[in-house]
Amino acid sequence: MFAEYVKKTSGRELSDLSHKEIYGNLLKFTGEKLNERGLNTGKKKLYYVSAEFLIGKLLSANLINLGIYDIVDNELKSAGVSLAEIESLEPEPSLGNGGLGRLAACFMDSAATLGLPADGVGLCYHCGLFRQKFKKNKQTEEPDYWIEDESWLIPTGKGYSVKYGKFTLQSELYDVAVSGYGSDCNRLRLFDVKGVDENIIKEGINFDKTEVDENLTLFLYPDDSDDKGKKLRVYQQYFMVSNAAQLIIDEAIANGSDLNNLPDFAVVQINDTHPAMIIPELVRILTSKGIGFEKAVETVQKMCAYTNHTILAEALEKWPVRYLEEAVPEIMDIIRKMDSLIKGKGENTDIIQNDTVHMAHLAIHFSFSVNGVAALHTEILKNVELKNFYDLYPDRFNNKTNGITFRRWLIQANPDLTELIRRLTGDGFISEADRLKEFAMYENDTDVLSALMHIKRKNKLRLKEFLMAKEGIVLREDSIFDVQAKRLHEYKRQQLNALYIIKKYLDIKSGKLPKRHLTFIFAAKAAPAYTLAKDIIHLILCLSELIKSDPVAREHMTVVMIENYNVSVAEKLIPACDISEQISLASKEASGTGNMKFMLNGAVTLGTSDGANVEIAREVGNNNIYIFGKSADEVIALYKSGRYNPRAIYSGNPYIKKAVDFITDTKMLSIGDSTSLRRLQSEIITKDWFMTLLDFEDYVKVKDKAIDDYENRADWARKTLVNISKARYFSSDRTVSEYNKDIWKL
Ligand code: 26Q
C-alpha cells in the first residue's frame, strides 16, 4: 500500500528512492492515514497538562498502532531497504527529563487506545533536553535540535496572546497526532513562541536568559541554578498554562458550555507542580468573563486534579513572590486572594510563606484529587510528606500506580518476545494486558524456557551491534548484562552500584574470579548544574577505562556508560538486560517505570523496597526478585533521628573502606580528575545524604546471590517468564482506566 502511494503521488518506484526520500514519504503517508482516523470525542475531555512529553520516535509506533507495520516493513524489504534504517533518520524529540515525561507519553498512548477524548498540552521546545557527550570521562552538554522541515508537527494556524507584567507574547500551536492501537486519535498540543531565535545559543547550551521573547521555548528546563534561569522557568510555565487554559475554555464553549458548567466539559490533570499556575490562570480568565471570584474558584477546583511525582524536598517547586510579581503580577494577585481563602486552615499549609509561593500547596488546596504514583509513595504522602493536607482533605488523596504502554515497550522494542507470546496466547495481550496470564502457564515448559533464553541472547547481540556502531563499545553476549538506566541522582544511588564494581575489581585482582563474565551497563544524564551527579558519571567512566586497560580484569568484567540515553537507546537496551538495577534509597523513588519495562522484557529486578518495586515483589513473589536494604520506615526514622553516620560504617567494615578508598587510589588519579574524585569520596564518607553505605553490605550479598543463581539457567529462564507474565499489572492501560474511573470520569 505504501509503494502504491509513492507511485501515485510521485510516479516513482520505492526502489528508486533514497532513504531520506522514503522517510519523507513515510511521514506524509502515515500522517494521512492518521488523519483519516477520526478524533476520540465525547462531551467531557481530559487535558493532560505537562511540561514534558518524552514521546520518542513516532514512525514505528504509529505504524504499529495503525496496524500496518508488517505490511510496510515487507514492502520496504522487497525494495531492499529495512525499516530500521529508515527509522534511524528520524530525529528523536527529547521533550522530557525522564520518568514523568515518559509516563505522560505512555498515558497518551493508552488514553487514545482506550478511546478516551484526551489531549496532552505542553511546550514545543526547539532543543528539548541537552544532548550528552562524554569528553575526558566527563559529561558535556550540547543542544539537541530535532525539528526538521518535515516532521510530525502539524501547524494549526491557531495561537493566543499571553500577557506578562511588562510585555505580551504571541503563541503558535502545533499538533502531533497521537494514535491509539486500533482506535481513533487524540492530539498532543504543543505551544511555541513566535520569534524564538536559535542563534542566541552560545557555547554548549548557554544563552542569554534575559531575552524571554527570543529564548522562551529553546530548551526544556534551562539550568535553574541562578536567578535568571529560575525566572525563565516561571515565564515558561506561565506560557504553557495560559495557552492551555485559553484552549480549554475555547473548546468547552465550542462544545456548548456556558462556563458555569465547565467541569462537565473539561478535566485537567496537572502533571506535578510545573503546570500548577493553570489554577489561578483559569480563575483569571473566568473572572474576566464576568464570573464572580468565589464561583470561579469553585468551578476551577472541580476541574483540576494534581499528581505528585516526587518526595524530594528540593524538587518541590517554590517561587519567590517577587519573581511572580515581576513576571505575572495579575496571577500573583489571584494567588494572594486564593491564599487568603485557605490561610491558617492547617499547620504549614499556607500557599504563601515567608514571601515564597508553594506550588504544591496551591495545587492541593484547589484540586479535587491528589494522587501519588505507587502504593508506597501514596502512603508516604498521606502519612509523612503531605500529612497536614491529608488531615484536611482525606477524601482527595488516592493512589494510581504507574504503568507503561506495551505497544512501545514490548511490541516495538522486543519483536521476538512479542512473536513468542503471540504464538502461545494469541494477539489479545496487545490491548488486554491481563491476557499475559496465559503466558504464565508455560512456566515448566522447557521449550518455551529455552526459546526465552534464545530471545535474550538475540537481543544481547542486537545491543552489541548497536553499541559497536554507536560508540565502538565491545560487549560479550555470553556475559551477564546488569543494567542501571535512569537519570543520574544521588538518591537513585548509581554510586552504590559503582562501589560494588570496585569491590568486584579488587576481588578479581586478588584472584577471586567470578564464574562468568560480568557486564555492568549504565545510562544516565546528569542535570548540568548538579556537581555531585557529574562526579558520579566521572567515577563510572574512569572505572570503565581502568578495567578496559587491565588485561586481567577485562577478561572477567566490562563497565560501560552509554552516551546520551534516550527512548531509542532504551528500546535496544532494556530487552537485552538480565539484571535490572532499581536500588534507590527506600522512600525516595516515587515509583519508577524503568523497573516495569525491564521486567516486561524478561529481566529480574535487583532492588530496594521502594516505589513500585514493592508492587513488583508482591506480583512476582520472593523467588523471582532480589530485594535488599533497609525499609522505607527504617530510613524515615533514621533521617528523623539524625543518627546516620557514614564514617562509622566506613571505618567499621574493612571491605567497604577498601572500596571507598579506591575512588582516589593512584590508579584512579592517573586516569581521572582528582578534584572530582576526592569531592565524591569525601561526600560519601562525611555526608552520604542518600545513605549509600547503609545498604552496601546487603547489596553485595544479594547481588552476588543473583549472579550465582543465573548459572541455574533453566530456573533463571523460569524467573524471567514469571516476570514477563506478571508485568501485566503494570500496563498503562490499567493505570489510565483507573484514572478515568476514579478521577476523570470521561
Ligand atoms: C523542579 C524545579 C525546578 C527545576 C526542575 C524541577 C523538576 C523537573 C523534573 C522536578 C522534577 C522533575 C521530574 C520528576 C520525575 O521525573 N519524577 C519521576 O516520575 C516518575 C513518573 O511518576 C516516577 O516513576 C519516578 O519515581 C519519579 O522520580
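In this predicted model, domain 2 and domain 3 bury about 2,800 Å² between them, and 63% of that area lies on carbon and sulfur atoms. Buried area here is the accessible area (1.4 Å probe) that two parts lose on being put together, summed over both. On the side of domain 2, the residues that lose the most area to domain 3 are Q132, F134 and N137, which together make up 23% of what that side buries.

Domain 2 covers 44-56 + 93-400 and domain 3 covers 419-725, while domain 1 consists of 1-37 + 70-91; these bounds come from an automatic or database domain assignment. Taken over C-alpha atoms, the centres of domain 2 and domain 3 are 33 Å apart. Contact (heavy atoms within 4.5 Å) joins 33 residues of domain 2 to 39 residues of domain 3.

Between domain 2 and domain 3 there are 11 residue pairs in polar contact, with both residues at pLDDT 80 or more. A polar contact is a pair of N or O atoms within 3.5 Å; within protein, one must be able to donate a hydrogen and the other to accept it, and residues adjacent in sequence count only if both atoms are side-chain atoms. The side of domain 2 that touches domain 3 draws at least two residues from each of α6 (99-113), β3 (131-135), β4 (138-142) and α14 (375-385). Of these, α14 gives the largest share, 5 residues. Helices (H or I, at least four residues) and strands (E, at least two) are DSSP runs, numbered from the N terminus.

Side chains of opposite charge can pair when their charged atoms come close. A salt bridge is a side-chain nitrogen of Lys or Arg within 4 Å of a carboxyl oxygen of Asp or Glu. The whole structure has 65 salt bridges, and 2 cross the interface of domain 2 and domain 3. K45 and E251 form a salt bridge, with their closest N and O atoms 2.9 Å apart. This pair links distant parts of the chain, 206 residues apart: K45 is in strand β1 (residues 45-49) and E251 in helix α8 (residues 227-254).

The mean pLDDT (the predictor's confidence in each residue, from 0 to 100) of the protein chain is 96. Local features need pLDDT of at least 70, side-chain atom pairs count only at pLDDT 80 or more, and totals for chains, interfaces and linings use all residues. Residues are numbered from 1 along each chain as its sequence is written, and side-chain values use heavy atoms, leaving out hydrogens and water.
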